[in-house]
Amino acid sequence: MKYLLCVVFLFASAMTLVNAAESENASPWEVKDAYLYCVEAYGDKDEKQLLDCVNEEMIAGEYNTFKTLADVLEYIEKAE
């Protein structure tokens, strides 16, 4: 029984890693749309809240997230 539980656990762990590896980058236009939505919803005063909002939108779309708001803005510049 322990063997079966170990196998199930290892399989679930492997599937989690595969799903994480399959995340891709959103297009600059999608990131820009998410950013503009977040600015409209929360304003642009609190950078952490704005970054969290953008990252939540990226997670909802199963895209990679950003580490800083500067990274978001730099990525958006690719769209222009």
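1. Let's start with a word you will need throughout: a residue is buried when its relative accessible area is under 20%, exposed when that area is over 50%, and partly exposed in between (1.4 Å probe, protein chains only). By that rule, Cys-38 and Cys-53 are both buried.

2. Before going further, a word on what you're looking at. This is a predicted model, in which local features need pLDDT of at least 70 and side-chain atom pairs count only at pLDDT 80 or more, while totals for chains, interfaces and linings use all residues. Residues are numbered from 1 along each chain as its sequence is written, and side-chain values use heavy atoms, with hydrogens and water left out.

3. How confident is the predictor? The score to check is pLDDT, the predictor's confidence in each residue, from 0 to 100. The chain averages 82, and 70% of the residues score at least 70. Helix H1 (residues 2-21) has the lowest mean pLDDT of the elements, at 52, whereas H3 has the highest, at 96. Take care with residues 4-8: their pLDDT stays under 50, and the model gives them 0 contacts beyond four places in sequence. A contact here means heavy atoms within 4.5 Å.

4. Now the overall layout. The chain has 4 helices and 0 strands, giving the pattern α-α-α-α along the sequence. Helices (H or I, at least four residues) and strands (E, at least two) are DSSP runs, numbered from the N terminus. Of the 80 residues, 22% count as buried. Among contacts with a separation of 6 or more, 50% are between residues 24 or more positions apart.

5. Which residues touch the most other members of the largest nonpolar core? They are Val-31, Tyr-35, Val-54, Met-58, Phe-66 and Val-72, out of 15 residues in that core. H2 (28-42), H3 (47-60) and H4 (69-77) each supply at least two of the core's residues, and H3 gives the most, with 5. A nonpolar core, by the way, is a set of buried Ala, Val, Leu, Ile, Met, Phe, Trp, Tyr and Cys residues joined through side-chain atoms within 4.5 Å.

6. Have a look at Val-31 in particular. Leaving aside residues up to four places away in sequence, Val-31 touches Ala-26, Met-58, Phe-66, Val-72, Tyr-75 and Ile-76.

7. The cut-off for a disulfide is a pair of cysteine sulfur atoms within 2.5 Å. The torsion about the S-S bond is about -80°, so the disulfide is left-handed. Because Cys-38 lies in helix H2 and Cys-53 in helix H3, the pair ties together parts that are 15 residues apart in sequence.

8. Where does the 1 salt bridge sit? Lys-48 pairs with Asp-52, the closest N and O atoms being 3.0 Å apart. To count, a side-chain nitrogen of Lys or Arg must be within 4 Å of a carboxyl oxygen of Asp or Glu. Lys-48 and Asp-52 are 4 residues apart in helix H3, so about one helical turn separates them. Lys-48 is exposed at 57% relative accessibility, whereas Asp-52 is partly exposed at 33%.

9. Asp-33 is exposed, with a relative accessible area of 54%. Asp-33 and Glu-57 are 24 residues apart in sequence, and their C-alpha atoms are 9.7 Å apart in space.
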